[in-house]
Amino acid sequence: MDFRKNLENDISQLNFRNAITKLSNKSLKSKEVSYRKLIIDTAIENNLFFTAAECNRSFGIAYKDKEIKEGIKRGVLENKYTQKELQKIIQLYKEKKDSNFVGDLLLKMKRFNEALVFYQNLNNIPGVRLARCGILEDYFKNLPNFQDKVAELDEIILNKNINSFDKKDKLSALQRALLVKNDPILFEMIMYLGGNLNTFVKGKELVPFYCLYTMKLSKELQSKFLDIFIRFNFNFNNKLFFPMYLKNIPIFKLLIHKKVFDLNIYQDMLDEMLNNLADISNNNLEKRKLILYKNIIKNYKNKKENL
């Protein structure tokens, strides 16, 4: 009798480790289930929900599992757990293979990228949408139709890997937002979700160059997409791209205006190219074009200096 009183005293004083050790006593075999439940009930009453979850795991049961999960979720929202404790909670439910709950916890912890991976692996579309909302909300919270736009992403993100190419149309999600939807908002959303600008559209041109040189967009749309390329640090300032810039004077001027170039690099390249054509008449079409580009840079620099 004294042994049972000691056990009950341990439980009431929240000394669960000692109590669990004492449960192995053979004399308590008939009451073991009752004492296990008492330990978990006491933990719940004292808002020790993670302790209750650990006890459930230790006992190999799922007693009041739903109530425990709700308590843990409240604790996460109220910032009652340390980072170390949060990691232990996540690990416990990962080991239990309770992926939906892990996803829910990650959302509440604002670990949206991890939640997205979990929900994608589960093919949980509502969860995927919630995780995307979490990632994108800070950037698009003032967008009136934000939820509708996030829902629209389902139509263009067809694979778990956001940068993989679909077998049917040979496009990535980012390319689909550009070519199929012509939608800068969807395009930018996909960029924040991990889209890659440095992919070739149908094996031809990098995304920014396909947009600027191949697509027939309005000036307004073209400018919106260009601003996104710049915001996400696409490197226009690459010597290898110069032959592309020679194809279209208005776009070259636009890129100069957007200040994406180190103009000295291209001025030096033009000087070198013109030097190689020194013996050729200035009426030569190629030479005239190079002189024109050199003058564009020169005029822009002069204008800038006179401001």
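Let me start with a contact: in helix α13, Val207, Pro208, Cys211 and Leu212 meet Gln222, Phe225, Leu226 and Phe229 of helix α14. Sorted by type, the residues of this contact are seven nonpolar, one polar and no charged. Keep in mind that this is a predicted model.

How are the two helices placed? Two packed helices are described by the angle between their axes and by the distance between those axes. Helix α13 covers residues 207-214 and helix α14 covers residues 219-231; they pack at about 160 degrees, and their axes are 11 Å apart. Angles over 145 degrees count as roughly antiparallel, so α13 is roughly antiparallel to α14. The crossing of α13 past α14 is left-handed.

Next pair. Helix α5, residues 65-77, packs against helix α6, residues 83-95, at an angle of about 150 degrees, with 12 Å between the axes. That makes α5 roughly antiparallel to α6. Here too, the crossing is left-handed. Which residues in α5 and α6 meet? From α5 there are Asp65, Ile68, Lys69, Ile72 and Val76, and from α6 there are Leu86, Ile89 and Tyr93. This contact divides into six nonpolar, no polar and two charged residues.

Which of its residues are buried? They are Ile251, Phe252, Leu255 and Ile256. Looking down the axis of α16, these buried residues fall within an arc of 145 degrees, so they line one face of the helix. Pro250 and His257, on the other side of α16, are exposed.

Key. Residues are numbered from 1 along each chain as its sequence is written. This is a predicted model: local features need pLDDT of at least 70, side-chain atom pairs count only at pLDDT 80 or more; totals for chains, interfaces and linings use all residues. Side-chain values use heavy atoms; hydrogens and water are left out. Axes are lines fitted to C-alpha atoms, for helices over the stretch in contact, and angles run from 0 to 180 degrees between N-to-C directions. Helices (H or I, at least four residues) and strands (E, at least two) are DSSP runs, numbered from the N terminus. Angles under 35 degrees count as roughly parallel, over 145 as roughly antiparallel, 65 to 115 as roughly perpendicular and the rest as oblique. A crossing is left-handed if the near helix is turned anticlockwise from the far one by less than a right angle, and right-handed if clockwise. Contact means heavy atoms within 4.5 Å. Ala, Val, Leu, Ile, Met, Phe, Trp, Tyr, Cys and Pro count as nonpolar, Asp, Glu, Lys and Arg as charged, and the others, Gly among them, as polar. Buried means under 20% relative accessible area, exposed over 50%, partly exposed in between (1.4 Å probe, protein chains only). The arc is that of the directions from the helix axis to the C-beta atoms.
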